[in-house]
Amino acid sequence: MLEENRQKCFSLRLTLVYCLMQKMTDILSRKMRSEVMSKVRSSKTKPELKLKKLMGKFGFSYQPKNIFGKPDFSSKKNKIVAFIDGCFWHGCKKHYRAPKQNYKYWRKKIRRNIERDKEVSKHLKKQGWKVIRIWEHDTKNNFGKFFNKIRRSIKN
Ligand SMILES: [Zn+2]
């Protein structure tokens, strides 16, 4: 009887250790995930702030409120909204690299973002907005292309 109890106790302890280990890996991966996110986020906001000033000259306001899909810029006068799509978050074909950690999680998340982008654009167009989407990399490396896009949208 005593021996049996000892055995039970042992297996219970094993289960407990196992549960703890599970919990720990979960916490660890969550921590890594948020680390990746914060790195990406901080690199996204810098170019946006530089653009804020330049876009202002074209009559765009930065992060306008109360517009569906939270565009980065809008010109109410010209009825234009502009989105700067981050290469990571919006799955740019040139620069998106899936993180090796939690590969499936990221793949699903980015795919969902791309789907949502399409839905947002469609909805805004229905509301009469002209929608411009510009890749983050074009705002950094290809300023000419970026501004031509903006200029054209205003003229048309
Ligand atoms: Zn890119």
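Lys79 is found in the loop between strand S2 (73-75) and S3. The model is predicted. In it, the phi of Lys79 is near 55°, a positive value in a residue other than glycine. Lys79 counts as partly exposed, because it has 13 C-beta neighbours inside 10 Å.

The protein chain as a whole contains 4 helices and 4 strands. From the N terminus on, its elements run α-β-β-β-α-β-α-α. The chain has 156 residues, of which 16% count as buried. Among contacts with a separation of 6 or more, 53% join residues 24 or more positions apart.

The strands form an open sheet of 4 strands with mixed pairing, in the order S1-S2-S3-S4. Strand S1 (61-62) and S4 are the edge strands, each pairing on one side only. S3 and S4 run parallel and are joined by 6 bridges. Phe83 stands opposite Arg133 in S4. Asp85 stands opposite Trp135 in S4.

Helix H2 (residues 103-126) packs on the sheet and touches S3 and S4. The direction of H2 makes about 150° with that of S4. Together, S3, H2 and S4 make a right-handed β-α-β unit. Helix H4 also lies across S3 and S4, and runs at about 175° to S4.

S3 is largely enclosed by the rest of the structure, because 6 of its 6 residues are buried. In a regular strand the side chains alternate between the two faces of the sheet. In S3, Ile80, Ala82 and Ile84 point one way. Val81, Phe83 and Asp85 point the other way. All of these residues are buried.

Not counting residues up to four places away in sequence, Phe73 touches Met55, Phe60, Ser61, Tyr62, Val81 and Ala82.

H2 presents another picture of burial. This helix is hardly covered: the count of buried residues among its 24 residues is 1. The length of H2 agrees with expectation, because at 1.5 Å a residue its 24 residues should span 34 Å, and its end C-alpha atoms are 35 Å apart. In the loop between S3 and H2 lies Asn102. Asn102 has a positive phi of about 55° although it is not a glycine. This residue is partly exposed, because 16 other C-beta atoms lie within 10 Å of Asn102. Just after H2, Gly128 takes a positive phi of about 95°.

Lys149 lies in helix H4. Since 15 other C-beta atoms lie within 10 Å, Lys149 is partly exposed. Leaving aside neighbours within four places in sequence, Lys149 is in contact with Ile132 and Ile134. Lys149 and Arg133 are 16 residues apart in sequence, and their C-alpha atoms are 9.4 Å apart in space. Arg133 is the residue of S4 that Phe83 stands opposite.

Note on methods. Residues numbered from 1 in each chain as written. Predicted model: local features only at pLDDT ≥ 70, side-chain atom pairs only at ≥ 80, totals over all residues. Contact = placed C-beta atoms within 7 Å. Helix = DSSP H or I, 4+ residues; strand = E, 2+ residues; numbered from the N terminus. Buried ≥ 20, exposed ≤ 12 C-beta atoms within 10 Å, placed from the backbone. Pairing = 2+ DSSP bridges. Axes fitted to C-alpha atoms, helices over the stretch in contact; angles between N-to-C directions. Expected span 1.5 Å × (residues − 1). Right-handed = clockwise from strand over helix to strand, strands pointing away.
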